[in-house]
2 protein chains.
Amino acid sequence: MTRFFVEPEELQPDFLVLTGENAQHAKVLRLRNGENVLVCDGQGNECVCTVSDVSPDQISLVVQKRLASESEPQVQVSVYMAFPKGDKLEHVIQKATELGAYEIVAFPSSRCVSRPDDKSLKKKLERWQKIAASAAEQSGRGRIPQVVTVPSYRAALERAVQADLALLFYENEQSTTLKMALSQGEYHSVSLLTGPEGGLEVSEVEQAQTAGLKVCTLGKRILRCETAPLCALSAVMYDAGEF
Amino acid sequence: MTRFFVEPEELQPDFLVLTGENAQHAKVLRLRNGENVLVCDGQGNECVCTVSDVSPDQISLVVQKRLASESEPQVQVSVYMAFPKGDKLEHVIQKATELGAYEIVAFPSSRCVSRPDDKSLKKKLERWQKIAASAAEQSGRGRIPQVVTVPSYRAALERAVQADLALLFYENEQSTTLKMALSQGEYHSVSLLTGPEGGLEVSEVEQAQTAGLKVCTLGKRILRCETAPLCALSAVMYDAGEF
């Protein structure tokens, strides 16, 4: 069933109207009266709706039944990624959304080459959020992950440790595996933090440990900065029983 | 330590010479007499060597000690991927190499839009093998995964089932998870097969089951054709105790 995302306040109990980009998308799909579609509020609530009227700028829908999204994982995984070069963050946002991330948090660290300034950040955040929305739609998620940026490494650490489990992946860690870290008890929320192209500095890893993050390895091979978060996210979803 | 790959027959017991691209690379790195480097044969054997002479076209090395690579995973994972559109196969080759794949096998299936012809295939294979070599070098692997193509879906299935465990991931499978499939016993080699953009046809999934592959799900979200193999590979490496 085709899936449309609307703002939470638009998810009315009986009738719904698709406008703007959603109406355009519906036109491209040549939706007709009587067809069923899925409308989601991006926060885990969904409605099965039937098309009742198609006009050039809007599509009217009758709500058939409301349901809680079944495609959202039980575990809330926050992906913390140091600002990478080029379009790697966009790649990670798209893939992490497919893989079920709860949110993606980008932060600066010492060796980050790219640090968007405040002016360009607003535009970039809009673009990043659109990538998350589109990936959520394509992968059939009931929730659009929020893309967030924080102004400092310290702020990233303070935010990350609020999860039940906060992990940092470091290429020089050799003894503590992700499996060890995950087997220490029940967890409902996890933060996964990875560094930029040049890696995190030793002092940053120590700072994270002091803040309460656990330092783990992702194995004996050196992963690129865009591969590490997706590898860790896949493994956490697997460990949590998602597949 | 910088890592160079040479042909297996070049890995001599006492002395080694780097030529061609390796010599160029050494020049870019400004290697000097007395520095140590790692030389690998791409099949899991490595030598620690000391630079003894630098001339414009070749670098002479003295072998210090020979060791078996420690960065290769215990489990041999073969990634079977239906030919995707664009440069997605290149992306998967690079990432799967980092993540520790043993080999990458590309095959045609009914809904493949892109199927390289024999003429272009030879050139492409060369290019793909180079991507694997470069990713192996960067990620510190001791072995370069072989990139292989097979001429038919049937040939892919026949090859895949030779592993201890042969799994096919299908978006309409709901009951058998990867975790269930992996928990059925010890495994040393695993084949992971995923479809192209449009997915595999029902008849293809049935054909795979008849051939002996187990059909599994990667969770309730629909993954893109380039995301699925990397997600599955990450989870298998995690399950096998790699991290």
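In which strand of chain A is A:T194 found? In this predicted model, local features were considered only at pLDDT of at least 70 and side-chain atom pairs only at pLDDT 80 or more, whereas totals for chains, interfaces and linings use all residues. Residues are numbered from 1 along each chain as its sequence is written, and chains are lettered from A and ligands numbered from 1 in the order in which they are written. A:T194 lies in strand β10 of chain A, which covers residues 189–194; helices (H or I, at least four residues) and strands (E, at least two) are DSSP runs, numbered from the N terminus.

The surroundings of A:T194 were examined next. A:T194 counts as buried because 28 C-beta neighbours lie inside 10 Å, where a residue is termed buried if 20 or more other C-beta atoms lie within 10 Å of its own, exposed if 12 or fewer, and partly exposed in between, with C-beta atoms placed from the backbone. When residues up to four places away in sequence are not counted, A:T194 touches A:M81, A:A82, A:F169, A:C225, A:A228 and A:P229, two residues being in contact if their C-beta atoms, placed from the backbone, lie within 7 Å. A:R159 is 35 residues from A:T194 along the chain, and the C-alpha atoms of A:R159 and A:T194 are separated by 14 Å.

Chain A as a whole contains seven helices and 11 strands, and its C-alpha trace spans about 60 × 40 × 30 Å along the principal axes. Of the 243 residues in chain A, 41% are buried. Among the contacts in chain A between residues at least 6 apart in sequence, 74% join residues at least 24 apart.

Within chain A, the axes of α2(A) and α3(A) come within 8 Å and cross at roughly 30°, axes being lines fitted to C-alpha atoms, for helices over the stretch in contact, with angles that run from 0 to 180 degrees between N-to-C directions. The helices α2(A) and α3(A) are therefore roughly parallel to each other, since angles under 35 degrees count as roughly parallel, over 145 as roughly antiparallel, 65 to 115 as roughly perpendicular and the rest as oblique. Seven of the residues in the contact of α2(A) with α3(A) are nonpolar, three are polar and two are charged; Ala, Val, Leu, Ile, Met, Phe, Trp, Tyr, Cys and Pro count as nonpolar, Asp, Glu, Lys and Arg as charged, and the others, Gly among them, as polar.

In chain B, helix α2 (residues 88–98) packs with helix α3 (residues 118–139) at an angle of about 30°, with the axes 8 Å apart. The crossing of α2(B) and α3(B) is right-handed, and the residues that make the contact include B:L89 and B:I93 of α2(B) and B:W128 and B:I131 of α3(B).

The relation between the two chains was then computed. Chain A is superposed on chain B by a rotation of 180° with 0.0 Å of shift along its axis, at an RMSD of 0.1 Å, the copies being superposed by least squares on the C-alpha atoms of residues with pLDDT of at least 70 in both. This is the relation of a two-fold axis, and in chain A the C-alpha nearest that axis belongs to A:A235, at 2.4 Å.

The contact between the chains takes 31 residues from chain A and 31 residues from chain B. On the side of chain A that touches chain B, the elements giving two or more residues are α2 (88–98), α3 (118–139), α5 (178–182) and α7 (228–239) of chain A, and the largest share, six residues, comes from α7(A). This side of chain A divides into 11 nonpolar, 11 polar and nine charged residues. Because 100% of the interface residues of chain A are also interface residues in chain B, the copies meet through the same surface.

A backbone feature was found at A:R30, a residue other than glycine whose phi is positive, near 55°. A:R30 is placed in the loop between α1 (20–28) and β3 (36–40) of chain A, and A:R30 counts as exposed, with 8 C-beta neighbours inside 10 Å. In chain B, phi of B:R30 is likewise near 55°, and B:R30 is exposed, with 8 other C-beta atoms within 10 Å.

Technical notes
Left-handed = near helix turned anticlockwise from the far one by under 90°.
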